[in-house]
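Work through each task before reading its solution.

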Amino acid sequence: MENIKSAILGPEYDQNLRKKLRDVIISLQAKIGESSWGLAGSQEIFKTDAIFPETILHIEAETYVGLSVTGDAELVDKIADLIKR
């Protein structure tokens, strides 16, 4: 069983952060899956997946929460580290 972890990378509204996350995911040979968007009161939620050969990471951008990735802990840590560079 995988060791699952979530990490908030930064504010959900940061378009540069979203682009950097996309670039990092693609550089790691993953594909971006289908996305969904929803609105609940004042909360906006965007969801998509990063599809790797061996696993899937779930990506969410939620108002007042931030831009987060959830999945295999080692991969989440690697992505968070690459985002900080």
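This is a predicted model: local features need pLDDT of at least 70, side-chain atom pairs count only at pLDDT 80 or more; totals for chains, interfaces and linings use all residues.

**Exercise 1.** State which residue stands opposite Ile51 in strand 4, and describe how strand 3 and strand 4 are joined.

Solution. Step 1: Ile51 faces Ile56 in strand 4; strands (E, at least two residues) and helices (H or I, at least four) are DSSP runs, numbered from the N terminus. Step 2: strand 3 and strand 4 (residues 56–62) run antiparallel and are joined by seven bridges, where two strands pair if DSSP finds at least two bridges between them. Step 3: another position opposite strand 4 is Phe46, which faces Ala61.

Residues are numbered from 1 along each chain as its sequence is written, and side-chain values use heavy atoms, with hydrogens and water left out.

**Exercise 2.** Describe the pairing of strand 2 with strand 3, and that of strand 4 with strand 5.

Solution. Step 1: strand 2 (residues 31–40) pairs with strand 3 (residues 43–51) through eight bridges, in the antiparallel sense. Step 2: Ser35 has Thr48 of strand 3 as its bridge partner. Step 3: two residues lie between these strands in their hairpin, where Gly41 has a positive phi near 65 degrees. Step 4: strand 4 and strand 5 (residues 66–72) are also antiparallel, with five bridges. Step 5: Glu60 is bridged to Ser68 in strand 5. Step 6: the hairpin of strand 4 and strand 5 has three residues between the strands, and Tyr64 takes a positive phi near 70 degrees there.

**Exercise 3.** Determine how helix 1 and helix 2 are oriented, and which residues meet.

Solution. Step 1: helix 1 (residues 15–27) packs against helix 2 (residues 73–84) at about 125 degrees, with the axes 10 Å apart; axes are lines fitted to C-alpha atoms, for helices over the stretch in contact, and angles run from 0 to 180 degrees between N-to-C directions. Step 2: the two helices are therefore oblique to each other, the class left after angles under 35 degrees (roughly parallel), over 145 (roughly antiparallel) and 65 to 115 (roughly perpendicular). Step 3: Leu17, Lys20, Leu21, Val24 and Ile25 of helix 1 meet Ile79, Leu82, Ile83 and Lys84 of helix 2, contact meaning heavy atoms within 4.5 Å.
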